[in-house]
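Have the viewer open as you read.

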Amino acid sequence: MKKSALLSVLALALVFVFAGSAFAATWTNFDFLRFAKEKVLTDFHPTAKPDDPDTKTDYYQEPEEKDGIVSARVNIFYKGWFKQHSMLVQMDLRPNDGLIKVAVLQDSNGANLTGNKIFKENSWVELSSLDWK
């Protein structure tokens, strides 16, 4: 009896571990840095070139999950017509729903900080509509 109860508890613990890692895998595979460079930058600055060697991204704040939303802040450095520019963007991802929300917090180029074609202020966007994998 004790042995079967112990095995049941162990099996249940393994289920929770695998379920937790499955949830983590849904968002840990999301490449916030590449998304910022390829989708966010080009939405706010259509003439910017994501493949340019001067275009770089790094984390201002690493991704953190809270209440089903994964948030990250990313610095984007890109070349403008006359000088190097930088943006700081906040990205909130709802991995279970396939939605993302983007807010530009700072932009040295003086871009429209309330949104552009795709990323509107306080609006969730479906990742599938962006052809993002």
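In what sense do strands β1 and β2 pair, and over how many bridges? They pair in the antiparallel sense over eight bridges, with β1 covering residues 56–66 and β2 covering residues 69–79.

A quick word on ground rules. This is a predicted model, where local features need pLDDT of at least 70 and side-chain atom pairs count only at pLDDT 80 or more, while totals for chains, interfaces and linings use all residues. Residues are numbered from 1 along each chain as its sequence is written, and side-chain values use heavy atoms, with hydrogens and water left out.

**The strands**

Helices (H or I, at least four residues) and strands (E, at least two) are DSSP runs, numbered from the N terminus. Two strands pair if DSSP finds at least two bridges between them.

Next comes β3 (residues 84–94), which runs antiparallel to β2 and is joined to it by 10 bridges.

**The rings**

There are five aromatic pairs in the structure. Rings of Phe, Tyr and Trp (its six-membered ring) pair if their centres lie within 6.5 Å; planes under 30 degrees apart count as stacked, over 60 as edge-to-face and the rest as tilted. Here are two of the pairs:

| Pair | Centre distance | Plane angle | Type |
|---|---|---|---|
| Phe30 and Phe32 | 4.8 Å | 70 degrees | edge-to-face |
| Phe35 and Phe119 | 6.0 Å | 70 degrees | edge-to-face |

Phe35 lies in helix α2 (residues 32–44) and Phe119 in the loop between β4 (99–107) and β5 (125–126), so their pair ties together parts that are 84 residues apart in sequence.

Buried means under 20% relative accessible area, exposed over 50%, and partly exposed in between (1.4 Å probe, protein chains only). Phe32 counts as buried at 0%, and so does Phe30 at 12%. Ring pairs link Phe30, Phe32, Phe35, Phe119 and Trp132 into a cluster.
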